[in-house]
Amino acid sequence: MSNQGTIGGPLLEVEDITLRFGGVTAIDGVSFHVNPGELFAIIGPNGAGKTSVFNSISQVYRPQEGDIRYKGESIMGKRPDAVARLGIARTFQNIALFGQMTVIDNILTGRHIQMHESWFAGMKWFGAAKKEEMANRARVEDIIDFLEIQAWRKYPVALLPYGIQKRVELGRALAMDPDLLLLDEPVAGMNLEETEDMARFILDIRSELGISMILVEHDMGLVMDIADRILVVDFGKPIGTGYPDEVQANPDVIAAYLGEDFSADAGSAAGF
Amino acid sequence: MAFGRPLLRTSYAEDAAILPTWSQRGALGVAGFALALAALGVPFFEAIPAFLLGGTWLTPFNTMLVFAVAALGINILVGVTGQVSLGHSFFMGVGAYAAVLLGGDGRGGAACIPFHEQLGLLENTTRCGLGLPIWIWLPASGIAAALVGILVSPAAVRVRGLYLAIVTVGLVFIGRHLGNMLPEYAGDAESGRRWPPLEFRWWRRTDDSGDAFITFDEKGAWFSWIPGTDGITLSDDQKAFFFYLFVVIVATVLAKNLMRSRTGRALQAIRDRDVAAEVMGVPEREYKRLGFALSSAYAGVGGALLAVNLARVGPPEWSLFLAVDFIAILLIGGAGTIAGTLMGTFFVRLLPKMVERFTEKNADLAEGDGPVSTIASLLLTDGSRSDFGPIATSAQATGWPLPVALWNFVIFGVLIVVFLIAEPLGLFGIWLRIRNYWKGWPFSY
């Protein structure tokens, strides 16, 4: 995928975004950037606003302040489908597959922006629409092979086990041929083996397909192992950013995850 | 072409085929052929439908075929796109009136006088109509309904669920009101107006004898031009059957193609997860509008054919009850599936006719002896105090026992509830279970 206009520049720049729901400030001045080919992670305690950052990037939510630039162009105010057409794909924390459709149809729906035949051509079927369907169906088979879900091809996704559903959702996002992939808790609720499989897929996506990724995840082992850089948010505010070892040593991050050090003055301030 | 191994597919095209296996193609072909022979009145083939529905079985069967066209439309909107609509009868009405304004017989000079000039003189005026041929008015009825669908979509795509249902109910009442206000176009509530006949002409009718080169609307011979024969003499119902069957087949194939192509998947994606669909690059409102337009186009064609089929129709025909019938068809047949929609139409339209027919038959049976008569006499009653039973046979019966027509309402109400709870995929789901059982037979899976 081309990346002209910002050669050498970051793929995605998030600049000081603030998102409020009435009196609640979900995101409060978060800034970060993602370089081409980078695996960037966002971590933070529950309710810190990680998923809200994702929803802001895909413009499902509209931040009131700040700017989000993708390949140097602001995407603020665009509709979610327009953002998708720019090359940003995502998965969801609570799987959002199309439950009544089969695995093949789900992944083919991911090909929507790569296909162009109209409803009229589709109803006619024979000719251009059929040709396009067959070509994209072949592409879907590549993704099915890549994610090793051949056995479940024809099943309606609602019937599949959780781990497989997560993989199908990843496949649906990959089918969009994105330049940037947002992964919202890809290993949540998975056992060790499934987590390792998923980590393998994520690393393969980066090395074989060259797709940049932003990862939101609670599994610290996974994040520290595979992420290039990490942003830590707490109560909507950014509290640290850097390489994994830097973040691990950051006292603010430790405080957010493990609580304040029970020092003398903290104790007296709390009334003990 | 793996003839003996139906599950072995060797190309993506085979995998995407509408009828992927030879057994499906064969079964449908044989069924279609048998149906055509039955419609032509071939004794052996006609025996079953004549037994179930009576000698004039083609009349309700033709109406069923027309309903199938409109039902395929509501399936696109409610079953595929997931937008609950109770306004289907409104769009059917739009299509029907487009058909009658373009195709209705407007000769007589006084046609299309503006409403305000006609007040008080309604009896004396000819109904409005341009007398154009079917190849104009039938597509135009679909296009007109689709345009009206697009016109109301700005309101409809912004609401969902119950709110959308209420908005679309509003359409039905607006339509009824317009129909009552404009009797010179719509026909008045009691007598309605005549719809154009099913006949092919090149252009407008020029004389009373008609200059149609083929007609589906009158008893007469087909193929009489073949030298040495008199052709086959067919009734109007028989001829119309072939026309409706053709329209249903075309409508089914188009709907099936839509379902298996990019657009159909986008519509289903909106039904299953609208936010995820948008994030996949599907513009939600545009596709909802498209779903509305396509569904309305089917409704328009179905409505036009329904009016033609009934011959004389007034504004009350396009009521909320008609729209609810279609919801029943979807829920009983299986929302979102083409085969289910057709099964649902068959069930909802023809089962009541069968029940009615057997009640009539059994009224005679109840007079005789034997177990059948005992059951029949237990169920049926003429409404007198000495005769108990839940089904009234006399037309005058009011209150309990209920007459057959009301029992049909009760049965469908109960069926909708049962299907919603026990089998959300409807008749199609039951068919799937049966099929999967025999696929694995004698193993359980």
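Into which domains is chain B divided? Chain B consists of domain 1 (54-114 + 123-318) and domain 2 (334-445). The model is predicted.

**Chain A against chain B**

- In the contact between the chains, 33 residues of chain A meet 26 residues of chain B.
- On the side of chain A that touches chain B, at least two residues each come from α2 (80-86), α3 (103-110), α4 (119-124) and α5 (128-147) of chain A.
- Helix α5(A) gives the largest share of that side, five residues.
- By class, this side of chain A has 17 nonpolar, seven polar and nine charged residues.

**Domain 1 against domain 2 in chain B**

- Within chain B, 16 residues of domain 1 are in contact with 12 residues of domain 2.
- On the domain 1 side, α4 (58-80) and α10 (236-259) of chain B are the elements that supply two or more residues.
- The largest share of the domain 1 side, 11 residues, belongs to α4(B).
- The domain 1 side divides into 10 nonpolar, five polar and one charged residues.

**A helix pair in chain B**

- Helix α11 (residues 262-272) and helix α13 (residues 284-310) of chain B pack with their axes 10 Å apart, at an angle of about 110 degrees.
- Angles of 65 to 115 degrees count as roughly perpendicular, so α11(B) and α13(B) are roughly perpendicular to each other.
- From α11(B), the contact involves T263(B), A266(B), L267(B) and I270(B); from α13(B), it involves E284(B), Y287(B), K288(B), L290(B) and G291(B).
- Five nonpolar, two polar and two charged residues make up the contact of α11(B) with α13(B).

Definitions and conventions:
Residues are numbered from 1 along each chain as its sequence is written. Chains are lettered from A and ligands numbered from 1 in the order in which they are written. This is a predicted model: local features need pLDDT of at least 70, side-chain atom pairs count only at pLDDT 80 or more; totals for chains, interfaces and linings use all residues. Two residues are in contact if their C-beta atoms, placed from the backbone, lie within 7 Å. Helices (H or I, at least four residues) and strands (E, at least two) are DSSP runs, numbered from the N terminus. Ala, Val, Leu, Ile, Met, Phe, Trp, Tyr, Cys and Pro count as nonpolar, Asp, Glu, Lys and Arg as charged, and the others, Gly among them, as polar. Domain bounds come from an automatic or database domain assignment. Axes are lines fitted to C-alpha atoms, for helices over the stretch in contact, and angles run from 0 to 180 degrees between N-to-C directions. Angles under 35 degrees count as roughly parallel, over 145 as roughly antiparallel, 65 to 115 as roughly perpendicular and the rest as oblique.
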